[in-house]
Amino acid sequence: MVSTLFFLASLVAYVCAKPISRPTTMVLAGQRTAVPNGFVQEKGGPGADQTLDMRINLAQNNLAGLKQALLAASTPSSPKYGQHLTKEQVQSFVSPSKDTVSLVTSWLSQNGIQADKLTPAGDWLNFTIPVEKANTLLNATYSSFTAQSSNQTLLRTLSYSIPSNLVGHINAIHPTTAFDVVKLLPTSPVIVSKSKNGSKPNNSSSSANSTSSANSTSSANSTSSANSTSSTNSTANAAPNSNAVDPSCDEAVTPACLQELYGIPPTPATQASNVLGVSGFIDQFASSTDLSSFLSQFRSDVANPISFGLQQVDGGINDETNPGTEASLDIQYTMGVATNVPTNFISVGSDNTDGISGFLDIVNFLMADPPTVLSTSYGFDETSIPSDIANSLCNAYMQLTALGTSIIFSSGDGGVGGSSAGETCTTFVPTFPSGCPYVTSVGATTGIQETGASFSSGGFSNIFPQPSFQTSAVSAYLNTLGNTNAGDFNPSGRAFPDVSAQGENVQIIVNGVQTSVAGTSCSAPIFASVISLLNDQLIAAGKSKLGFLNPLLYSNPTAFNDITSGDNPGCGTNGFPAESGWDPITGLGTPNFNSLKSVVGL
């Protein structure tokens, strides 16, 4: 997830040999009361020669104005609907004030530090200093912390402070208290058939409208909902075309199944400007050979071979000899569903210093040439990201959406327990970035008569307030929910997911082997493909691309197949039950392509 970076004009900074000069009044800017779950603090301090690549997010001069402009361009009833902002307009909103720049650069200069701008707007600064100097500058105590799940070691502090006169001028500094370890969201796959030397696997289909034969098994770690608490019959609001879907789709989901379930057209896209970006993190690589096999197997109507573009961020590569499950899934269910939509695999390497595993770097990179849709199937527990860092990244998403990009994220696979199953929790754990109101979060369903998948993460953010565009839908759900799970979640927080799509028994090919996978990371690229195909038709008709989706989606709930059964257990509870209308398992429901076409004016 090597091109010239728009925002990262220079990462080179130097430290002048001046003594630290610090005001006597320092104000606590960030603090953790304990080492986060899953991390171990190593004994002994960092080595004397260790350095930190620091980033400072300066307060933008008019974020409220940017939000207002974004909503005007994204709300269907607005006279400015579809009038996305230019880069220059976005920069005018996010550039820091002269006072902010003067105060922060003066503080750094007094302490022998010269920082470089990371963005044209100047709202992000970068510099490198020794750990010892960072400790003194920020009243911090940096230590080494190791993630037990990956053995990744981070230099972090449990608290830091800034001068009192800079409060309100600095949004965030990192790395400080953010313990960011990006998580791979799909559950473990089960191999169901093999192919050798590029030959077709079993379960082959002869056309886009036929499905693979149903001799596959579901994922060993997939968890269809067995204890639904919904009071509504599971078939009452099933997809309108569910009776026409091949029964084998209950056991093996393919692009043909999705076309039948959601009315997705197989017609090739035609618009070169309509680009779909697919994020890749943590050494997940995509294979053009596997893609070709997948299309031959499941989309024999598509001209083959076709290829995806490669964009590289933070030293990212794409080793096609070592394809990963996630990358294979994302590429195959964008290019295999969004027929002929130009698609780029954006590989984000480990050479990042943004404090958020490259999540900020990829946004800054894409600001130079934004895709129409960005699909990402990775994320964090919200508890692992301090609120200042989460807000800074969410504001970056607001900038990208203002340019007309639809940002899609999978909601996570731990039910109400967070991004992964089996996490220890006493109250519900929201996921991030799904809690950011400027992304569209996608949950998972399972089966032809769709029900909410029990692993589908959903709930309410503890950082971001509930945006007005979803208040009515969420209030209706909370009224139905009553006192169930009271005290376990924040009912006034941003609610997610927004929508859903199939997420279990999804067929992919990895290293020549047909594999069944499950997770909301199946659902995100499927929904992203639907939006990409709508954008293709809009652009062909001379209309504006969709951009920020959420106000449009919540204004048109009947454009979705309402899913009314299922729950998402976790934290020792049954989680949330699915209900009529929006719910924290499946959102507004699954896409109905023809209804969405009508909604967007096609």
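Modeller: We take a helix pair, then a sheet.

Modeller: This is a predicted model, where local features need pLDDT of at least 70, side-chain atom pairs count only at pLDDT 80 or more, and totals for chains, interfaces and linings use all residues. Residues are numbered from 1 along each chain as its sequence is written, and side-chain values use heavy atoms, without hydrogens and water.

Biologist: How are two packed helices described?

Modeller: By the angle between their axes and the distance between the axes. Here, α7 (residues 325–335) and α11 (residues 520–540) pack at about 25°, with axes 8 Å apart. Helices (H or I, at least four residues) and strands (E, at least two) are DSSP runs, numbered from the N terminus. Axes are lines fitted to C-alpha atoms, for helices over the stretch in contact; angles run from 0 to 180 degrees between N-to-C directions. α7 and α11 are therefore roughly parallel (angles under 35 degrees).

Biologist: Which residues of α7 and α11 meet?

Modeller: Contact means heavy atoms within 4.5 Å. Glu326, Leu329, Asp330, Tyr333 and Thr334 of α7 meet Ser521, Cys522, Pro525, Ile526 and Ser529 of α11.

Biologist: In what order do the strands of the open sheet lie?

Modeller: Strands pair if DSSP finds at least two bridges between them. The order of the 3 strands is β3-β8-β9, with antiparallel pairing. β3 (39–41) and β9 (153–156) are the edge strands, each pairing on one side only. Neighbouring strands are turned by 35° on average, direction ignored.

Biologist: How many bridges join β3 and β8?

Modeller: β3 pairs with β8 (residues 143–147) over 3 bridges. Phenylalanine 39 has alanine 147 in β8 as its bridge partner.

Conventions
Angles under 35 degrees count as roughly parallel, over 145 as roughly antiparallel, 65 to 115 as roughly perpendicular and the rest as oblique.
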